[in-house]
Amino acid sequence: MAEVITAEQLTARIAEFEPSRSVAERVLAVIDRDDIGAAELATVVGTDPALVERVMRTANSVVFSSQANVRTLQHAVAVIGFETVRSLALASFVEGVMSVSRQDWQRSVMSAVGAAAVARGIGLDPQLAFSTGLLHDIGHALLESLDPSYAAVVGAFRAEPLTASSEAALVRAERGRYGIHHALIAGDVLAYWNFAPDIVEAVSHHHTPKGSLSRLHGAIVDGYRLTHWLASGLDLEEYSRADDVLLPTYLRPENLHVVAADVRSRAETLLEDLFGIPASHASAR
Ligand SMILES: [Fe+2]
């Protein structure tokens, strides 16, 4: 059995990578100030060309703007919102200090786009759902960076349709190996970086839902449930054979295919824009 890993060890691992030199860390620091505006935040973002590119591309993507004509960084920050800038900064930071697999980014982007789609239907801010969805599974990358054998654990989970029993088994396996599971780890990391309590709650409980804790929690859960199905490559009927299969609850079953096609298309665009992953390779399986 692997050593028990504490949340403190995991967050310390994030903190130990020379954060004072990181533009992303500076973004995460200034974004919490009450007096920060889009112009000043854009100035900080502007010192990291890679982050600038991601912010601009996100603002011009179909996920956020139907006009797709955002020309300045300040406008881009205003369009995507501070929470999404924060998520992109943290994603850049994590990407810079540990290996995040292409498959993990694909799943995260698809979950984020799925959560945003659900959010639109339930009167929730899609930017908030997108930025939360982008980071909800960051615990996988942390566990993989600490324990190479973890990939096999999560790989087995992803290979089967998502059911209440498979989800419980993953949480149980992670608790048994590490004393904590990846959703709680992700919540701890986001709390460490001062993400809002509702975001931390939604992420921490995305695999242990006791009913819907909040609309944001519901959107995140539905986003990853949709992604799990899309990534399986199975048609819905085959995927849904198990009695306890978990499908999105906020999306009507008759709308699932339409929403899924839209989410897949938007996610492929973002994957290409943000991570340079061509659409032809954007299967999350
Ligand atoms: Fe997860």
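Analyst: Start with the metal. A donor is an N, O or S atom within 2.8 Å of the metal. In this predicted model, the donors of the iron ion are spaced D-x44-H-x23-H-H along the chain.

User: What makes Asp137, His182, His206 and His207 donors of the iron ion?

Analyst: Distance. Asp137 (OD), His182 (NE2), His206 (NE2) and His207 (NE2) coordinate the iron ion at 2.1 to 2.2 Å. The cut-off is 2.8 Å, so these atoms count as donors. Asp137 and His206 also link distant parts of the chain, 69 residues apart. Asp137 sits in the loop between helix H8 (126-135) and helix H9 (138-146). His206 sits in the loop between helix H13 (197-204) and helix H14 (215-232).

User: Why is the site of the iron ion called irregular?

Analyst: Look at the angles. Among the four donor atoms they run from 89 to 177°. Tetrahedral needs all angles between 85 and 135 degrees, so 177° rules that label out. The site of the iron ion is classed as irregular. One caution: water is not among the atoms, so sites may look incomplete.

User: Are Asp137 and His206 buried or exposed?

Analyst: Both Asp137 and His206 are buried.

User: How do you know that Ser87 is buried?

Analyst: Its relative accessible area is 0%. Buried means under 20%, so Ser87 qualifies. Ser87 belongs to helix H6 (residues 82-97). Leaving aside residues up to four places away in sequence, Ser87 touches Ser131, Thr132, Leu134, Leu135 and Phe195.

User: What makes Arg57 and Glu53 a salt bridge?

Analyst: Their closest N and O atoms are 3.0 Å apart. The limit is 4 Å, so the pair passes. Arg57 and Glu53 are four residues apart in helix H4 (residues 49-60), about one helical turn. Arg57 has a relative accessible area of 34%, and Glu53 has 41%.

User: Which parts does the salt bridge of Asp147 and Arg177 tie together?

Analyst: The side chains of Asp147 and Arg177 meet at 3.1 Å, N to O. Asp147 lies in the loop between H9 and helix H10 (150-158), and Arg177 in helix H11 (residues 164-178), so the bridge ties together parts 30 residues apart in sequence.

User: What makes Arg266 and Asp262 a salt bridge?

Analyst: Arg266 and Asp262 meet at 3.0 Å, N to O. That is within 4 Å, so the label holds. Both residues lie in helix H16 (residues 256-275), four residues apart, about one turn of the helix. Asp262 is partly exposed at 34%.

User: How many salt bridges does the structure hold, and which residues are linked in a network?

Analyst: The structure holds eight salt bridges. Arg33, Asp35 and Glu40 are linked in a network.

User: And the chain as a whole?

Analyst: The chain has 16 helices and zero strands. Of its 285 residues, 54% are buried. Among contacts with a separation of 6 or more, 68% join residues 24 or more positions apart. The chain exposes about 12,100 Å², with 51% of it from carbon and sulfur atoms.

Key
Residues are numbered from 1 along each chain as its sequence is written. This is a predicted model: local features need pLDDT of at least 70, side-chain atom pairs count only at pLDDT 80 or more; totals for chains, interfaces and linings use all residues. Side-chain values use heavy atoms; hydrogens and water are left out. Helices (H or I, at least four residues) and strands (E, at least two) are DSSP runs, numbered from the N terminus. Buried means under 20% relative accessible area, exposed over 50%, partly exposed in between (1.4 Å probe, protein chains only). Contact means heavy atoms within 4.5 Å. Donors are N, O and S atoms within 2.8 Å of the metal (3.2 Å for Na, K and Ca); water is not among the atoms, so sites may look incomplete. Four donors count as tetrahedral if all angles lie between 85 and 135 degrees; four count as square planar and six as octahedral if opposite donors are over 155 degrees apart and all others between 65 and 115; anything else is irregular. Accessible areas come from the Shrake-Rupley method with a 1.4 Å probe; for residues, only the protein chains shown count as cover.
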